[in-house]
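Subject: Structure for your review

Dear colleague,

Please find below the structure that I am handing over to you, together with its sequence. My findings follow directly after it.

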Amino acid sequence: MQYTRNIGIMAHIDAGKTTATERMLYYAGITHKIGEVHDGDAQMDWMVQEQERGITITSAATTCFWKYGDNDYKINIIDTPGHVDFTVEVERSLRVLDGAIAVFCGVGGVEPQSETVWHQADKYGVPKIAFVNKMDRQGADFYSVINQIKEKFKANPIPLQIPIGASDTFKGVVDLIENKAVVWIDDETLGTNYKYEEIPDELKEEAEKYRNQLIEAVAEYDDALLEKFFEDPASITSDDMLDAIRRATIEMSIVPVLCGSAFKNKGIQKLLDAIITFLPSPTDISAIEGLHPRSSEKLYRKPDVEEPTSALVFKIATDPYVGRLAFMRVYSGVLTAKSTLYNPRTDKKERVNRLYQMHANKQNPKEKIEAGDICAAVGFKDLRTGDTLCDSNNPILLESIEFPEPVIGVAVEPKTQKEYNKLSVALAKLAEEDPTFTVHTDDDSGQTVINGMGELHLEVIMDRLKREFKVDCNQGAPQVNYKETITQEVDHHEVFKKQTGGRGKFAEIYVKMGPADDDIKGLQFENKIKGGNIPKEFIPSVEKGFRDAMLNGVLAGYQMDSLKVVLYDGSYHEVDSDQLSFETVARMAFKNGMVKAKPVLLEPIMKAEVVTPEEYMGDVIDDFNKRRGNVEGMENKGSAKVIKATVPLAEKFGYVTVLRTITSGRATSTMEFSHYAEVPKEIAREIIERAKGKIELV
């Protein structure tokens with residue numbers, strides 16, 4: 001296990017993640033030809049949509065081996081998307097990884113999606129190495145990127161290398177640990193060969209400054225190193241430094257920074273060395289924490305083959321040849337083909353028919369997978385993303401993965417009536433793969449509405465329906481996923497009484513309904529019934545009635561964001577009361593009580609960032625103001641201006657086209673979900689009227 005590394009490559013769009021991964025596979029001997037994203041033949045971008053668009057849509061897992069010192073190391077790599085619409089792929093990958101490479105563009109620096117993925121890695125406590133890519137590009141500035149990492153992430157980036165030259169003159173790096181220059185020989189071997197040289201005279205002073213900075217940053221992790229630093233800094237060897245840097249990186253007190261140009265085949269071998277040297281192996285990670293499924297007692301599983309088996313499913317994918325593939329991280333024990341495991345969520349056993357080690361969309365069959373490894377398996381009946389699989393005699397429930405909610409919806413219908421069944425099956429498979437993609441039937445119109453994280457997300461889904469599942473669909477204009485909430489507390493009394501001859505129906509409840517406590521989403525239910533006025537067996541039915549009713553708010557039928565319900569009194573009939581009666585009375589109480597609680601409509605607000613030449617800045621800001629946007633700040637990035645703003649999603653449809661028009665195609669924009677906020681009254685009125693009508697298909 002100490003010779004295994006589980007790492008993810010994460011970054012903003014176009015920082016060069018997939019290009020860097022392709023080089024790693026080439027130098028590790030997995031591929032014999034370097035695949036290029038712009039040619040559509042990158043190994044890791046195997047989907048047709050990825051090859052056509054030149055972007056990564058789905059995270060792809062692969063395994064390669066790298067010789068470092070006297071040992072061969074196994075590296076499981078997950079290449080993740082950079083587009084915010086596919087942020088779920090980054091979230092679930094980071095949940096199961098031990099380390100990450102954050103790739104930054106040497107020109108663009110820290111961009112909006114880089115911030116999102118960095119914070120996701122922090123959330124899961126994943127140690128990081130930063131790689132400043134595209135040092136061969138005009139305007140590349142290594143030191144500026146380091147300052148941005150420091151300012152925007154409040155991190156402690158420490159260079160392990162500094163570049164020799166920049167843009168056209170970039171030819172190698174100064175290795176601050178070895179105190180030597182590393183120069184790549186640009187020949188027909190595609191950057192396979194490099195040589196060590198003396199540091200160029202013009203960089204000696206700078207190299208010494210950054211080397212001392214590196215030693216100071218890690219000296220607290222090694223007393224002997226600190227002593228040597230004060231006595232004679234020149235006596236410090238590379239071996240003295242490696243262990244201290246490794247410990248500081250794993251404890252996340254520093255972020256080692258390397259640089260290179262993946263496209264020009266410079267710097268990747270050194271990055272592979274750094275992955276081995278500084279990022280943790282499964283044995284460096286503390287035991288994973290979980291709960292006993294029945295007693296909720298805290299349990300721990302060490303990364304050890306002797307421990308009871310436990311694994312977390314982080315992704316479900318549909319393969320045309322092998323069926324449903326479940327990607328999982330094995331945390332303890334050994335997973336074997338033809339074995340049976342227990343799923344605490346369903347309280348059922350699942351059989352593992354076959355095990356695979358993945359290389360993008362290709363499978364290499366394996367008989368067993370040990371703790372600390374990542375694999376894919378087939379043969380499961382009922383498995384979802386976030387499920388735990390474990391030994392039935394030693395059950396454990398690992399923490400699941402939280403996913404953001406979809407913010408945009410589109411109505412779809414097949415072009416011919418006979419394809420309805422095909423569409424249902426296809427949408428069910430896609431929803432199983434992607435937790436941020438949901439499907440529901442609109443109660444009023446009876447239409448099928450699909451929901452996702454953005455226009456591009458739904459565009460890719462429609463494309464996959466057509467190509468993979470052979471279902472041609474009509475689709476409506478994008479609809480925003482509004483939510484409803486209430487602004488004040490109400491006291492409400494509701495009775496449900498029905499007499500139809502014979503046994504009737506009866507239930508009575510007194511409830512307080514109001515806004516939920518801070519940070520609580522969904523239903524916050526409190527039972528304050530005393531003296532048995534309502535029997536205990538009916539209380540869950542009241543809760544279920546409110547929970548189900550929240551799916552359709554009273555204003556426009558949108559889902560309720562959050563609600564606090566306190567059940568404090570009621571009554572029942574010994575013969576006529578049953579669970580269904582109390583579920584029904586809760587629904588009635590919701591419908592009649594919500595109207596008095598001043599309900600309001602909420603809309604998704606997006607965080608937008610536009611990089612534009614200065615002469616178009618006024619036009620861009622004016623356009624934001626017309627879209628109910630709120631400009632929150634501006635900063636310089638080279639000769640361009642960066643405008644940061646928040647703007648309602650409803651006002652952002654088709655924005656890219658408008659931005660191209662007002663800036664003559666010279667500005668770029670990025671957008672990601674920020675929060676929900678109340679819709680202004682006059683706009684809310686229009687939305688409510690429109691929601692009562694049918695979503696028309698284009």
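Both Arg-627 and Asp-623 are buried, and the two residues form a salt bridge in which the closest N and O atoms lie 2.8 Å apart. Please bear in mind that this is a predicted model.

Salt bridges

In total, 44 salt bridges were counted. One of them joins the side chains of Asp-373 and Lys-74, with an N to O distance of 2.4 Å. This pair connects distant parts of the chain, 299 residues apart: Lys-74 belongs to strand S3 (residues 71-79), whereas Asp-373 sits in the loop between strand S21 (368-370) and strand S22 (374-378). Asp-373 has a relative accessibility of 9% and therefore counts as buried. Lys-74, with a relative accessible area of 15%, is buried too.

A further salt bridge is formed by the side chains of Asp-382 and Arg-345, at 3.3 Å from N to O. Here again distant parts of the chain are linked, the two residues being 37 residues apart: Asp-382 is in the loop between S22 and strand S23 (388-390), and Arg-345 is in the loop between strand S17 (340-343) and strand S18 (348-351). Asp-382 counts as partly exposed because its relative accessibility is 37%. Arg-345 is likewise partly exposed, at 35% relative accessibility.

Salt bridges also link Lys-152, Glu-609, Glu-635 and Lys-644 in a network.

Nonpolar cores

The largest nonpolar core has 82 residues, and the members that touch the most others are Ile-75, Ile-101, Phe-104, Ile-149 and Ile-245. Beyond its neighbours within four places in sequence, Ile-149 is in contact with Phe-104, Val-110, Trp-118, Ala-130, Lys-154, Ala-155 and Pro-157. There is also a second, separate core of 29 residues; Ile-450, Leu-458, Tyr-482 and Ala-556 are among its members.

A buried helix

Helix H9 (residues 268-278) is largely enclosed by the rest of the structure, because 11 of its 11 residues are buried.

Cysteines

How many disulfides does the structure hold? The number is 0. Cys-259 takes part in no disulfide, and the nearest cysteine sulfur, which belongs to Cys-105, is 13 Å away. Cys-259 is buried, at a relative accessible area of 1%. Cys-375 is in no disulfide either, the nearest cysteine sulfur being that of Cys-390 at 15 Å. With a relative accessibility of 1%, Cys-375 also counts as buried.

A histidine in a loop

His-12 is located in the loop between strand S1 (4-11) and helix H1 (17-27). Is His-12 buried or exposed? Its relative accessibility is 5%, so His-12 counts as buried. Not counting residues up to four places away in sequence, His-12 touches Lys-17, Gly-82, Glu-111, Pro-112, Gln-113, Ser-114 and Thr-670.

With kind regards

Technical notes. Residues are numbered from 1 along each chain as its sequence is written. This is a predicted model: local features need pLDDT of at least 70, side-chain atom pairs count only at pLDDT 80 or more; totals for chains, interfaces and linings use all residues. Side-chain values use heavy atoms; hydrogens and water are left out. A salt bridge is a side-chain nitrogen of Lys or Arg within 4 Å of a carboxyl oxygen of Asp or Glu. Helices (H or I, at least four residues) and strands (E, at least two) are DSSP runs, numbered from the N terminus. Buried means under 20% relative accessible area, exposed over 50%, partly exposed in between (1.4 Å probe, protein chains only). A nonpolar core is a set of buried Ala, Val, Leu, Ile, Met, Phe, Trp, Tyr and Cys residues joined through side-chain atoms within 4.5 Å. Contact means heavy atoms within 4.5 Å. A disulfide is a pair of cysteine sulfur atoms within 2.5 Å.
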